[in-house]
Structures are given as structure tokens and as C-alpha cells.
Amino acid sequence: DKAMLITEQDGRVRIAVLEGRELMEHYVTRVGARSMVGNVYLGRVQNVLPGMEAAFVDIGRGRNAVLYAGEVAFDEEVEESDRRIEQALKPGQSVLVQVTKDPLGGKGARLTAQISLPGRFLVYVPEGGVYGISRRLPDAERRRLRDVLKKIRPSEVGVIVRTAAEAATEEDLAADLDRLKKTWDSIKRKSRRAKAPATI
């Protein structure tokens, strides 16, 4: 059994995640602190560590954030066995990234270059052609949503249908997709004009 315990004291919120009686995760944050998870930044690569398969990226938020090789958007032509972080990133290079994990203790934020934008019914993955449908939905609903997705999804982008899409109409999904596409277009425009590091 998993349990989450939350307590607030002296301006700090403490969260413990337990499995049975074993502590699995522990978080401490200040009251009013804001999470960076999901934020998109135009970062500047500070250094690349091939041995760690990681790069440290300045996103303009204090300590450098870390981008691991598995989160880098490699060119599709590059074979998986040949993918090395030093081939994709160089110090001084600007890179569009999204925070996947807040800074914790002495560690900087965790990043991904595989950006995804969540909407009400869909998650928009602008640089990926894959798509998926929540497994929590009944089979008949998954089939219906798959048919809708075939009609509305542009072939060059990835789309994941969320559980909240149950009973959503084609118009609902198309409107969500259109809003997310406009958000991505705005992010791209801002990133072209900005100088790294910058919040996008």
C-alpha cells in the first residue's frame, strides 16, 4: 500500500511517500514556493560530460540544470547505438528544454529536450510522431478516440489522449489540439527572438 503524508510547519511543507512502512520519497519545500516542472526555457549549454552522458545547462534560474543523453532530441538519422551526447550538444549552444524535476538539495533541475504540452484532453508532443491513448479508458472508447485521432492529428506531431477525454467530442479534441499547437508556435517564435538563458 502506498501512502502520502503531508505536513506544514514553520513555513515548510514536508511530503513523505511510503510503501508499507518504508519511506520511498521525501520532499521539503517552502510554503508558497513554485514548481518549475513543465516550464520551457531557452538554455545555454555550459559543459558536456561524455562520461556521465549528461550536459549542464544554464536556464537562468540559479544553479545549472542537467540534461541527460536519454532526454536529448537526436536526429532520426542517427542510429541509437551511435547516439552520444557530445555529438548532439556543444558548450555555448542554445537549446530549448523543459523542466521534468525541480531542483532538490544541491542538485539542479532535471531537463528534457523532448518537450510535451499538456491540455485538457490531449498531450501535444510537437517533435514526435508517436501517439497513444490512455489505457484507463474502456476498449470501446479507445477505439472511438483512435478513429477521431486519425482525422484530426497532423502526421508530424505526437499526441497522447488523456483519460479526461472520455466522451469528449471530435470538436472538443480538435479545439484542444489547436490551442496546444498555437502555444507551441508561440514558444518557437519567442525562442527565435530570445537570447539564452530565457524563460519561454
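1. In which sense do strand 11 and strand 12 pair, and over how many bridges? Strand 12 covers residues 158–161, and its pairing with strand 11 is parallel, over three bridges. Two strands count as paired if DSSP finds at least two bridges between them. Helices (H or I, at least four residues) and strands (E, at least two) are DSSP runs, numbered from the N terminus.

2. This is a predicted model, in which local features need pLDDT of at least 70 and side-chain atom pairs count only at pLDDT 80 or more, while totals for chains, interfaces and linings use all residues. Residues are numbered from 1 along each chain as its sequence is written, and side-chain values use heavy atoms, with hydrogens and water left out.

3. The open sheet has four strands in the order 9-10-12-11, with mixed pairing. Strand 9 (117–118) and strand 11 (131–133) are at the edges with a single partner strand each, so one side of each is left without a neighbour in the sheet. Within the sheet, Gly132 stands opposite Ile160 of strand 12.

4. Helix 2 (residues 139–152) packs on the sheet and touches strand 11 and strand 12. Contact means heavy atoms within 4.5 Å.

5. Helix 3 (residues 170–193) has its buried residues covered by elements including strand 4 (40–49), strand 7 (94–101) and helix 2. Among these buried residues are Leu173, Leu180 and Trp184; buried means under 20% relative accessible area (1.4 Å probe, protein chains only).

6. Ser134 lies in the loop between strand 11 and helix 2. Ser134 is buried, with a relative accessible area of 13%. Leaving aside neighbours within four places in sequence, Ser134 contacts Arg142, Val161, Arg162 and Thr163.

Technical notes. Axes are lines fitted to C-alpha atoms, for helices over the stretch in contact, and angles run from 0 to 180 degrees between N-to-C directions. Buried means under 20% relative accessible area, exposed over 50%, partly exposed in between (1.4 Å probe, protein chains only).
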